[in-house]
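Welcome! Take a moment to look over the sequence and the model, and then we can walk through some of the details together.

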Amino acid sequence: MTAGIFVNIVAWASYQRDEDITLYWRTLKADGELNAKYPEAIELQKRLLEEDGHTVVSNGTKNIKYYVKDFEISLIDL
């Protein structure tokens, strides 16, 4: 939970800067879901991920959620 709070703070701080941008949109939830709490909700993160070459897919009809297709391929070991 604490990590999610700090990632959200970083996302909003980066969104407000013109220089030294942090690539926050590349962080996803554990199952590859996009984060609706990021700046401009899903739309900006979706657009930026697609510009990075990822495919974003939707799931659901009423409570639509968006996921990065095959996100496991791009995971980085820390």
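## A patch on the surface

Which residues make a nonpolar surface patch of about 310 Å²? In this predicted model, the patch is made by I5, F6 and I9. F6 has its place in helix α1.

## Salt bridges

The count of salt bridges comes to four. One of them pairs D52 with R26, whose closest N and O atoms are 3.0 Å apart. This pair links distant parts of the chain, 26 residues apart: D52 sits in the loop between α2 and β1, and R26 in the loop between α1 and α2. D52 is partly exposed at 31% relative accessibility, and R26 is partly exposed at 48%.

Another salt bridge joins R47 and E51, with 3.0 Å from N to O. Because these residues are four apart in helix α2, about one helical turn separates R47 from E51. E51 is exposed, with a relative accessible area of 54%, while R47 counts as partly exposed at 43%.

## A buried asparagine

Now visit the loop between α1 (2-15) and α2 (41-51), where N35 lies. Is N35 buried or exposed? N35 counts as buried because its relative accessibility is 15%, under the 20% cut-off.

A polar atom of the N35 side chain lies 2.9 Å from the backbone nitrogen of K37. Beyond its neighbours within four places in sequence, N35 is in contact with K29, A41, I42 and Q45.

## The hairpin

Strands β1 (residues 56-59) and β2 (residues 65-68) run antiparallel and are joined by four bridges. N59 stands opposite K65 in β2. Five residues lie between the strands of this hairpin, where G60 takes a positive phi near 105°.

Definitions and conventions. Residues are numbered from 1 along each chain as its sequence is written. This is a predicted model: local features need pLDDT of at least 70, side-chain atom pairs count only at pLDDT 80 or more; totals for chains, interfaces and linings use all residues. Side-chain values use heavy atoms; hydrogens and water are left out. Helices (H or I, at least four residues) and strands (E, at least two) are DSSP runs, numbered from the N terminus. Buried means under 20% relative accessible area, exposed over 50%, partly exposed in between (1.4 Å probe, protein chains only). A polar contact is a pair of N or O atoms within 3.5 Å; within protein, one must be able to donate a hydrogen and the other to accept it, and residues adjacent in sequence count only if both atoms are side-chain atoms. Contact means heavy atoms within 4.5 Å. Patches are made of residues with over 30% relative accessible area and no salt bridge: like charges are joined within 9 Å, nonpolar side chains (Val, Leu, Ile, Met, Phe, Trp, Tyr) within 5 Å. Accessible areas come from the Shrake-Rupley method with a 1.4 Å probe; for residues, only the protein chains shown count as cover. A salt bridge is a side-chain nitrogen of Lys or Arg within 4 Å of a carboxyl oxygen of Asp or Glu. Two strands pair if DSSP finds at least two bridges between them.
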